[in-house]
Amino acid sequence: MDFTPTEEQEAARELAGRIFADLATHERLRAAGTGTDAELWKALCAAGLPGAVEETGLLGLVLLLEEQGRVTAQVPFAASCAYGILAVGRHGTDEQRTRLLPGLRDGTTVVTGAFPASGTVSAHDGRLSGTVEWVPWLRDATHVLVPDEDRDLWLVPLVPPGPPEEDAVRVDPVELTAPWSAGRLVLDGAAGERLGRQCGARVGASGGAYEDVLAVARIAFAGLQAGVCAGSLARAVEHTSVREQFGRPLSTHQAVQLRAADAHMDTEAIRVTAYEAAWRFDEGLDAGGAALTAAWWASEAGKRVVHAGQHLHGGTGADLDHPVHRHFLWGRQLDAYLGGGTELLAELGALLAEGDLS
């Protein structure tokens, strides 16, 4: 395994880092409230970063999402790349790729995914019905990728709502722990187009579009969590290096050093497992087990890191307006979105018991 970024991946990461640092400032994040920063999303798309993922692969996306997570930038980057660009690029027909990819690259088309589905959606003759309680970035999306009860994938356009009796798709705003412009998705005979072949296989098996997209999403959001944790830890290091207690910086106290060291090791574990899973995926190897491992580390260790980051700020960390609090909210939301450590560990244990973990 070699996780050294290629020249293209490194160039994309540096460009993303500059854009995020320039536009995802504390002041702009405060002004955005719980909504998406449209100007930042436009700048990222104008720089060609969503489209670059087609060339830099999933590992390249993980590197870009780390940069987003460092500053908790409020844009649907992870969702639209994982559920849109990579999903359509890998599983779409020639016609779907020709029609959808240009808009996904320039940001005029935004796809999110009802993964993991917190509800049941049924499909009959291309019409979908059911409810998904919360979908991230749904209020910003033009399409949503929905798995049905048989784990077939459907791309559903989010058209402007008409009279209630005519609404086949309804989006109800939902506020989450993190400001992800989420919504509750209600489908009532909504038209969808199939993406990928019929799979119906269990999670972790190779070859199905559902399993493939689920693995991509887990790895991508684990990469986002690595950035969130790195940003939280960087803020804690800066704070404890300048804040003094008993005439010396907080960072010189052993208890602070140990807490920060544990957070650093957890952050590195999240990063390296996300890198490994992305590398396996890009190399065409079975990445289901590696994706679960990365998601588990992002969920369990991510919680510890963002709690430590807030704790190391002392009373300042309790200020809801302090930048470190956003990392805390994002870390907790990513834990919930990835499924929670216990659930992920149970799924990973089932793979081990069946001898299917590569």
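**Helix pairs and a sheet**

Guide: Start with a helix pair: α7 and α9 cross in the left-handed sense. Keep in mind that the model is predicted.

Visitor: At what angle do the axes of α7 and α9 cross, and within what distance do they come?

Guide: Roughly 20 degrees, and the axes come within 9 Å. Helix α7 covers residues 209-242 and helix α9 covers 288-311.

Visitor: So are α7 and α9 roughly parallel or antiparallel?

Guide: Roughly parallel, because the angle falls under 35 degrees.

Visitor: Which residues of α7 and α9 meet?

Guide: On the α7 side, Ala215, Arg218, Ile219, Ala222, Gln225, Val228, Cys229, Ser232 and Ala236. They meet Ala291, Leu292, Ala294, Ala295, Ala298, Gly302, Val305, Val306 and Gly309 of α9.

Visitor: How does that contact split by class?

Guide: There are 13 nonpolar residues, four polar and one charged in the contact of α7 with α9.

Visitor: Switch to α1 and α3. What is their packing angle, and how far apart are the axes?

Guide: About 160 degrees, with the axes 11 Å apart. Helix α1 spans residues 7-23, and helix α3 spans 38-46. The angle is over 145 degrees, so α1 and α3 are roughly antiparallel.

Visitor: Is the crossing of α1 and α3 left-handed or right-handed?

Guide: Right-handed.

Visitor: What meets what there?

Guide: Ile19, Phe20 and Leu23 of α1 meet Glu39, Leu40, Ala43 and Leu44 of α3. By class, that contact has six nonpolar residues, no polar ones and one charged.

Visitor: New topic, the four-stranded sheet. What is the strand order?

Guide: The order is β2-β3-β7-β6, the sheet is open, and the pairing is antiparallel.

Visitor: Which strands stand at the edges, and why is one side of each left without a neighbour?

Guide: β2 (121-124) and β6 (169-174). Each has a single partner strand, so one side of each has no neighbour in the sheet.

Visitor: How many degrees does the twist average?

Guide: 10 degrees from one strand to the next.

How values were computed. Residues numbered from 1 in each chain as written. Predicted model: local features only at pLDDT ≥ 70, side-chain atom pairs only at ≥ 80, totals over all residues. Heavy atoms only, no water. Pairing = 2+ DSSP bridges. Helix = DSSP H or I, 4+ residues; strand = E, 2+ residues; numbered from the N terminus. Axes fitted to C-alpha atoms, helices over the stretch in contact; angles between N-to-C directions. Parallel < 35°, antiparallel > 145°, perpendicular 65-115°, else oblique. Left-handed = near helix turned anticlockwise from the far one by under 90°. Contact = heavy atoms within 4.5 Å. Nonpolar A, V, L, I, M, F, W, Y, C, P; charged D, E, K, R; others polar.
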